[in-house]
2 protein chains.
Amino acid sequence: MTDAVDPPKARRPNTRLEEVARAAGVSKSTVSRVINGEPYVSSRAREAVHQAIGKLGYSPNQAARTLAGSRANCIAMVVSEQGSRVLNDPFFAGVLRGVHAELAGKRVQLVLMMSKEGDEQDLVNYLCGGHVDGVLVISLHGQDPLPRTLADAGLPTVVCGRPLGAGGVPYVDSDNFNGAMEAARYLVARGHKRIGTIAGPRDMAVGMDRLSGWKRGLSQARVDTGLVAYGDFTPESGAAAMADLLQQAPDLDAVFVGADIMALGALQTLHAHGKRVPDDVAVVGFDDLMIASTAVPPLTTIRQDVEQLGRTMTWRLMAELAGEENLPPFLLLPTAMVTRSSA
Amino acid sequence: MTDAVDPPKARRPNTRLEEVARAAGVSKSTVSRVINGEPYVSSRAREAVHQAIGKLGYSPNQAARTLAGSRANCIAMVVSEQGSRVLNDPFFAGVLRGVHAELAGKRVQLVLMMSKEGDEQDLVNYLCGGHVDGVLVISLHGQDPLPRTLADAGLPTVVCGRPLGAGGVPYVDSDNFNGAMEAARYLVARGHKRIGTIAGPRDMAVGMDRLSGWKRGLSQARVDTGLVAYGDFTPESGAAAMADLLQQAPDLDAVFVGADIMALGALQTLHAHGKRVPDDVAVVGFDDLMIASTAVPPLTTIRQDVEQLGRTMTWRLMAELAGEENLPPFLLLPTAMVTRSSA
DNA sequence: CCAAAACCTGGGAGCGCTCCCAGAACGTTC
DNA sequence: GAACGTTCTGGGAGCGCTCCCAGGTTTTGG
């Protein structure tokens, strides 16, 4: 479809608020009120302004708005560089999509920043310098001081995933504990007796929460929780951890892997050892990435809604910016079990 | 320093240019010159200014710079919404990482926008409204008029992937043609006789270029190029296309899949039909996503460097913004064959 | 019927920076 | 020493908007 977006307007002569005012036969102030949806504007004036805006293709100059007003109309999404490597990419893209979906219609821009080694001070200066109204932090290695610093500086901040070192900073996370517990219970209910787990790094809350949930699920059923190996959210580490587990307990008959991406590696190791999945060893993952359904065999896993994670973070931040009070200090999103063939 | 009670959520006591000037004992103008690296500043003054900046933790107000100056110090990355669904996420994240890497150290912000259905005019108004100095477009469905519109409006624009409907707009792409040709030649060299392909959608250059390259590779070796099925860059479509191919030619002994993500689906179908890979049917993918190495069996594929794609786009845009002339109208990045077990 | 309250409107002072211009301080050359 | 660069410096006029204030017009209430 060749949907014609309007004729290109010359770039230099930018229509200004004043021209809209003249065209609509009102004052600058009134135009400003209309644009900002303020009350106390007659419907006649409002109508005239809207028409003028449409005709002139007016788009307010953000820089001027920011400078004159007290808001930047802009929020930042900060991703730690380690994060961008460690974190599996689909996660990031999903969150981003959610953030954008939630921002739709709001006149708020999203600027993206990645913290770099040694750059932290610049980043903090920038963020606290009034260029943004709030920050969404996607921080992964647990003890990142950034959220704390920003929050202490009075900048509204929401973190993605429970921060280990920033108590008191609002965060949004999937309910990793209960999700993992459900996985454990499922395996127990299916009659598995010797159940191991491949957990994420000890310095990430997501890894620890899933480990805790798994332990709780097993111990409630009086199943041994000693069979633990660790990975770092890469397929390779998953493969190595699986080998480790197999050595610890050759009679292992099920494994809960704290991330699909590691489960892929685990599947390879299992295959290499001649173990059939799920007949010899059942496998349950976590995340429900696209690849979970195309794994061989398709992976039973705990789904987390990453897009919803992004949406919720944004909602929480925008609510705070709107001055809402008594907002929840954290939000946990439910997970859901997705049963395929691997367990 | 008056240590009065700092009222919460009071206006940010932002250090301004003027304060730096006072602290350094020079004028605003001189501080501005130092910040912008202009000549005609004595080293004594420059030194004093740098010290003052460091001591006060000064960070220039971008809004004011934009408003006063002619540049926005900001570039936009526009992703079409369809794109965010169609395009596999790792691709997007990789490009983004490259963009950021290339921007490091430059005082340029990156704002992210997604075009939404019906939103096009707003988007164009915003982008052409002087809020950004240039645009990186990640557009997927071929005939997107956006790049053309932006370029016609005089806004420096670089597109990711050869645009079908925007001749003349600078773009950066992987060398899909030669990559696919290499895959075809490889299969021929390995003695395969009956070679099919699963191509991407006909309205995307990436799909067509890979198809063309494959055809060229086969026809040079006088192998039949009639065995073609189409998918849409999802695993499901890959699985369906593979089934189609198998029906067309039960004696097929190799297939080039125009995207790893579709290859995953193809692998499933092959498995379901009892075909061994690579013994019965060899499979070569394209992209070399992380999942290629964890597929069963690990996928032989053509690697494209998505991060480099992002870097190159950004470099091209920044060069244009810097006023460089006679820049190449397009840039093709080389691909590389990665041999694993599937072929 | 008049005062108070609720609505609507326009004027104008900045927000913090860049950039132009005028001029000072220093050579250099005839 | 006059006449010119060349290097450096400060002053000040905006950039396009928001927000405060003062003043008009209507509605409400006693």
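Copies are superposed by least squares on the C-alpha atoms of residues with pLDDT of at least 70 in both. In this predicted model, chain B is brought onto chain A by a rotation of 180 degrees with a shift of 0.1 Å along the axis, and the RMSD is 0.3 Å.

V111(B) lies in strand β2 of chain B, which spans residues 109–115. Its relative accessible area is 3%, and V111(B) is therefore buried, the cut-off for this class being under 20%. When residues up to four places away in sequence are not counted, V111(B) touches Q109(A), L110(A) and V111(A) in chain A, together with C74(B), I75(B), A76(B) and M77(B) in chain B. V78(B), 33 residues from V111(B) in sequence, is 8.5 Å away from V111(B) in space, C-alpha to C-alpha.

In chain A, T157(A) belongs to strand β4, formed by residues 157–160. T157(A) counts as buried because its relative accessibility is 3%. A polar atom of the T157(A) side chain lies 2.8 Å from the backbone oxygen of L155(A). With neighbours within four places in sequence left aside, T157(A) is in contact with V135(A), V137(A), L150(A), A151(A), V169(A), P170(A) and L317(A).

Notes. Residues numbered from 1 in each chain as written. Chains lettered and ligands numbered in written order. Predicted model: local features only at pLDDT ≥ 70, side-chain atom pairs only at ≥ 80, totals over all residues. Heavy atoms only, no water. Helix = DSSP H or I, 4+ residues; strand = E, 2+ residues; numbered from the N terminus. Buried < 20%, exposed > 50% of the residue type's maximum accessible area, 1.4 Å probe, protein only. Contact = heavy atoms within 4.5 Å. Polar contact = N/O pair within 3.5 Å; in protein donor to acceptor, adjacent residues only side chain to side chain.
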